[in-house]
Amino acid sequence: MHAQSVAVVTGASRGLGRETCRQLLGRGWAVALTARSLADAQAAAASLGAADRLLPLGLDVTDADQARAAAVAVAARFGRLDALVNNAGVILDDWDDSTTTTCDPEVVRATFDTNTLGALRASQAFLPLLLQGGGGNLVNVSSGMGSVSEMNGGMVAYRLSKAALNALTRILHDEHNARGLRANSVCPGWVKTDMGGPGATRQVQEGAAGIVWAATLGPGGPSGGFFRDGRPIAW
Ligand SMILES: NC(=O)c1ccc[n+]([C@@H]2O[C@H](COP(=O)([O-])OP(=O)(O)OC[C@H]3O[C@@H](n4cnc5c(N)ncnc54)[C@H](OP(=O)(O)O)[C@@H]3O)[C@@H](O)[C@H]2O)c1
């Protein structure tokens with residue numbers, strides 16, 4: 001019998017992260033649902049059912065020690081890892097006024113700490129387990145706002161953090177694809193979550209589907225790409 005696949009999802013207390021967990025559970029995967037606070041992870045896990053295949057964990061991605069502890073917990077519970085979804089993200093820009101003349105560099109720094117360095121910390125912690133079984137999928141949940149070729153002004157901190165996250169995807173791909181890692185960036189589109197707001201064009205289920213696509217790729221699947229709805233988009 002094929003052993004059960006296992007995913008880790010960061011920032012899964014709500015929004016796209018929690019929905020990604022729900023869809024992976026629906027495919028029969030086991031999931032480590034991680035959230036900045038353990039209580040939020042436990043509450044989100046309780047809302048999804050399937051307790052036998054869910055491991056709620058506290059993981060603030062700005063804390064490398066927590067990332068390493070989470071990796072130890074996943075190894076102890078499941079003994080394998082097939083996908084890491086770096087979903088945790090923040091927008092700290094002033095929505096109405098964050099230009100190169102007005103943005104606070106400290107806000108840029110804080111945004112990078114979660115959106116970019118958070119993904120790096122989680123990748124460093126979980127890669128050994130991911131590569132141990134011959135590879136797997138690493139998904140960086142990015143944004144079209146980080147596309148360099150289609151870059152617009154405003155939202156400086158968020159845009160820079162996602163452009164750098166996309167670069168991290170390429171670096172991870174180059175370093176580890178030969179060992180079986182498929183590393184991809186995914187833009188979920190503009191999604192009705194707390195971040196996207198009620199005016200967004202897409203339901204959370206649609207946005208998460210493109211993340212789940214990348215998290216469940218098999219051997220020979222694409223790597224080193226930037227995707228929306230399973231289709232390549234411009235870097
Ligand atoms: N919604 C959109 O339209 C859209 C578009 C493009 C890309 N994205 C990306 O999609 C991802 C998910 O966004 P969303 O729309 O679901 O946003 P959301 O509803 O605001 O949820 C963000 C999640 O990230 C978590 N988070 C923030 N900082 C964290 C930290 N330091 N450690 C761990 N978790 C942390 C939040 O946890 P707490 O509950 O503890 O705050 C929350 O679970 C983000 O990377 C975002 O940039 C979203």
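Two strands count as paired if DSSP finds at least two bridges between them. That rule applies here to a predicted model.

**The sheet**

Strand E1 (residues 6-9) meets this test with strand E4 (residues 83-86): the two run parallel and share 3 bridges. Within this pair, alanine 7 stands opposite alanine 83 of E4. Helix H7 (residues 204-215) packs on the sheet. H7 touches E1, E4, strand E5 (136-141), strand E6 (181-186) and strand E7 (226-228). The direction of H7 makes about 150° with that of E5.

The whole sheet is open and has 8 strands. Their order is E3-E2-E1-E4-E5-E6-E7-E8, with mixed pairing. Which strands stand at the edges? They are E3 (54-58) and E8 (231-232). Each has a single partner strand, so one side of each is left without a neighbour in the sheet.

**Strand E6**

E5 and E6 run parallel and are joined by 6 bridges. Glycine 136 has leucine 181 of E6 as its bridge partner. E6 is mostly covered, with 6 of its 6 residues buried. In a regular strand, side chains alternate between the two faces of the sheet. Both faces of E6 are covered. Leu181, Ala183 and Ser185 are buried on one side. Arg182, Asn184 and Val186 are buried on the other.

**Helix H4**

Helix H4 (residues 105-115) has three named buried residues: Thr111, Thr114 and Asn115. Seen down the axis of H4, the buried residues fall within an arc of 85°, so they line one face of the helix. An α-helix has 3.6 residues a turn, so residues three or four places apart point the same way. What do the buried residues of H4 pack against? Their partners are helix H5 (117-132) and helix H6 (156-176). Pro105 and Glu106 are exposed, on the face of H4 turned away from its buried side.

Asparagine 115 lies in H4. Leaving aside residues up to four places away in sequence, asparagine 115 touches Gly89, Val90, Ser161, Lys162 and Leu165. Asparagine 115 and glycine 196 are 81 residues apart along the chain, and their C-alpha atoms are separated by 16 Å.

**Around the ligand**

The shell around the ligand holds 31 residues. Gly11, Gly15, Gly89, Thr193 and Gly196 come nearest. By type, the shell divides into 12 nonpolar, 14 polar and 5 charged residues. Helix H1 (residues 15-26) supplies the largest share, 3 residues. Gly89, one of the nearest residues, is also touched by asparagine 115.

**Loop residues and burial**

Two loop residues have a positive phi without being glycine. Methionine 155 sits in the loop between E5 and H6, with phi near 50°. Aspartate 229 sits in the loop between E7 and E8, with phi near 55°.

Are these residues buried or partly exposed? A residue is buried if 20 or more other C-beta atoms lie within 10 Å of its own, and exposed if 12 or fewer do. Methionine 155 therefore counts as buried, with 20 C-beta neighbours inside 10 Å. Aspartate 229 has 15 other C-beta atoms within 10 Å, so it is partly exposed.

| Residue | C-beta neighbours inside 10 Å | Class |
|---|---|---|
| Asparagine 115 | 28 C-beta neighbours | buried |
| Methionine 155 | 20 C-beta neighbours | buried |

Definitions and conventions
Residues numbered from 1 in each chain as written. Predicted model: local features only at pLDDT ≥ 70, side-chain atom pairs only at ≥ 80, totals over all residues. Near = placed C-beta within 6 Å. Helix = DSSP H or I, 4+ residues; strand = E, 2+ residues; numbered from the N terminus. Nonpolar A, V, L, I, M, F, W, Y, C, P; charged D, E, K, R; others polar. Contact = placed C-beta atoms within 7 Å. Axes fitted to C-alpha atoms, helices over the stretch in contact; angles between N-to-C directions. Arc of directions from axis to C-beta.
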